[in-house]
Amino acid sequence: MTESYLKDKDFIKIQRLNSPRNAEKRKSLIQTDIDIDKLTSQLANHSTSNVQSSSSSRSQSNTSTTTTSKRNGLNTTDGNETTSDEKLDEKLLVNHAQFVKSRYKVRYRNDRVISYFDDVDFEYRPSILDGSINEPFRMSFEGPTLEKVIKIKEKAKRSQLRRERFPQVASKDDLDTNSNNNSSSDEVIEIDGAINDKGYMHEQLVSNFSGLYVALWMTIGLGVLRVLVDNFIDDNSSLMNGEIVKFLRKDLFKVGFVDLCMYLCMYIPFFIHWLAKKNILRWNSIGWKIVSVYEFSFLIGFIYLPEHVLNFHWIAKIFLFLHSLVILMKMHSFAFYNGYLWSIKEELDYSRNALTKIEKEPPIEIDDVKSKEVNEIFQKSYDFCTFELNSQTPDESQKFPKNINLWNFFEFTMFPTIVYQIEYPRTTTIRWSYVLEKICAIFGTIFIMVLNAQLFMYPIAERALLIRDSEWTGIIDRLSHWVRLLIDMIPSFIVMYLLVFYLIWDSILNCIAELSRFGDRYFYGDWWNCVTWDEFSRIWNIPVHKFLLRHVYHSSISAFNFNKAQATLFTFFLSSVIHELSMYVIFKRLRLYIFFFQMLQLPLVAIGNTPQMRKKTILGNVIFWIGICTGPSVLCTLYLTI
């Protein structure tokens with residue numbers, strides 16, 4: 001019996017799946033790995049019957065097991081007989097011994113089970129602006145506090161000097177100060193001993209900059225007011241008559257209808273998994289192929305439709321393109337997360353059935369060591385698969401495949417994340433005052449963006465188009481015009497870049513998170529402090545980074561046997577292609593400028609991580625901000641003029 005398992009194809013495929021050379025594939029969710037697919041495609045045909053036979057085998061007589069179970073992939077015969085061609089291979093025994101050890105390394109580390117989903121985590125976290133500025137400002141702003149701190153430290157220092165040098169004249173207040181302010185005195189003593197060569201104290205005086213935060217918004221508001229007044233008085237025109245506003249108002253209902261259609265198209269992968277749940281089709285045989293083709297068709301279709309059929313303007317096209325990418329990533333994450341769990345479930349069914357048959361039919365003419373080895377292999381497979389399925393959620397009503405229901409998927413489509421899991425951290429209530437604040441921030445930011453685009457960026461873009469269409473007058477003359485355009489465009493592009501970031505990653509995502517009670521508000525890190533470009537690529541857009549980490553980086557390691565460097569290169573390449581597509585949607589020109597700039601980050605990352613540059617954090621941050629300030633303007637100028 002055990003010897004039969006050792007030569008069973010399905011058993012060998014489980015061994016290959018967990019071999020040492022597959023150890024780096026642990027974090028992948030891709031379903032195109034040949035070992036996984038071949039295994040699950042053969043297991044599914046008999047997984048249901050295996051479970052049924054497992055539950056009924058205890059009530060059957062031994063004569064019922066004499067029939068060969070080839071359709072179950074177990075090749076079992078009568079317990080008293082063993083076929084002549086099933087002699088134990090010593091080499092195969094060694095391979096299985098290695099397999100037991102490699103399985104522990106792959107799925108267990110330091111006696112702890114490693115889940116496939118350990119690469120991405122969600123916790124209760126506020127956004128950086130809320131946690132660092134907004135909430136402390138509203139809840140604990142007390143005005144100037146630095147002077148109070150300095151006076152307390154000065155008083156403690158004077159009291160300490162009296163006690164140590166003139167104890168005979170030390171007052172009762174000095175003694176009370178000693179007993180009540182030991183911590184302050186200790187701080188003073190430490191500070192006195194921390195003086196550098198230039199005579200400066202290494203004392204850190206922490207102040208509150210909330211007043212400057214108020215001044216910043218006052219400056220923005222008054223600046224916007226002045227621009228509006230100047231535009232109305234000097235030019236005798238209204239912002240509502242500008243070209244940017246006309247673009248925004250044009251085909252508004254058509255754009256909304258197309259966007260609704262895109263959202264409804266998101267439910268196709270859900271329907272595929274629902275069919276798999278009803279045993280109408282199998283994910284590992286045909287389901288993943290349908291979803292993959294559908295995802296590609298979805299992307300191409302919603303690039304072609306607004307451009308060549310509906311003839312939308314560039315603002316509508318880039319909006320639909322970016323939203324289609326969000327929907328595409330949501331579809332992909334939902335589909336392949338549950339697709340991986342289908343594979344785990346089928347492996348669990350196979351291992352459960354195998355353990356039942358081994359228990360029912362003890363091995364004959366096989367020593368106890370070999371029998372124990374086979375049993376341990378299936379037991380470890382059973383334990384891991386059970387853990388992987390049960391660890392996704394403690395809610396029994398939502399455990400896979402019960403999570404494949406309309407409400408669960410609808411909630412995921414509403415959450416401000418593109419990485420699917422069965423449950424997320426949720427808040428208990430909706431703060432409607434916070435929602436109102438974010439709604440005001442959304443429309444206020446859009447208004448400033450329109451103002452900036454109409455009064456500062458649009459005239460420069462018109463000049464660039466005139467230069468592009470003008471008669472060629474030589475490289476020197478064209479270059480001088482290009483440099484002048486670039487200098488004029490940089491200030492307005494810096495403002496637009498920061499406004500877009502604040503609009504999407506702070507205002508819109510936090511508003512959606514509050515309405516959906518989504519607990520993890522970590523949508524961006526402190527990217528403004530970055531000193532290398534790899535830091536920026538990780539923390540400036542956390543939702544997309546999580547998606548690329550799980551579904552591109554780790555999946556490329558699994559699908560194409562990439563190492564970490566190759567997977568990083570592939571991730572940057574795919575991101576660069578998507579960015580170039582966005583430029584094509586806007587400018588209708590395929591020039592590969594942004595593709596080149598994106599890929600240029602790789603050598604810049606290597607330079608930034610050298611020992612010489614790693615210590616020069618201020619220089620690294622200055623170089624980073626030079627790139628942020630000039631990069632978007634250079635790209636826009638290139639696409640407009642060349």
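These questions and answers walk through a predicted model.

Mentor: The model is predicted: local features need pLDDT of at least 70, side-chain atom pairs count only at pLDDT 80 or more, and totals for chains, interfaces and linings use all residues. Residues are numbered from 1 along each chain as its sequence is written, and side-chain values use heavy atoms, without hydrogens and water.

Trainee: How do the axes of helix 12 and helix 13 run, roughly parallel or roughly antiparallel?
Mentor: Helix 12 covers residues 267–277 and helix 13 covers residues 283–309; helices are DSSP runs (H or I, at least four residues), numbered from the N terminus. Their axes come within 10 Å and cross at roughly 170°; the axes are lines fitted to C-alpha atoms over the stretch in contact, with angles from 0 to 180 degrees between N-to-C directions. Angles over 145 degrees get this label, so the pair is roughly antiparallel.

Trainee: How many residues of the contact of helix 12 with helix 13 are nonpolar?
Mentor: I268, P269, I272, H273 and A276 in helix 12 meet W283, G287, I290, V291 and Y294 in helix 13 (contact: heavy atoms within 4.5 Å). Nonpolar means Ala, Val, Leu, Ile, Met, Phe, Trp, Tyr, Cys or Pro; Asp, Glu, Lys and Arg are charged, and the others, Gly among them, polar. No charged residue and 2 polar ones take part, and the nonpolar count is 8.

Trainee: How far apart are the end C-alpha atoms of residues 253–274?
Mentor: UniProt's unreviewed entry lists this span among its "transmembrane region" stretches. The span is 95% helix and 0% strand. Its end C-alpha atoms lie apart by 32 Å.

Trainee: What is phi of R517?
Mentor: R517 sits in the loop between helix 18 and helix 19 (533–539). Phi is positive, in a residue other than glycine. The value is near 55°.

Methods
Helices (H or I, at least four residues) and strands (E, at least two) are DSSP runs, numbered from the N terminus. Angles under 35 degrees count as roughly parallel, over 145 as roughly antiparallel, 65 to 115 as roughly perpendicular and the rest as oblique. UniProt positions are given in the numbering used here, feature names are shortened, and annotations may be inferred rather than shown by experiment.
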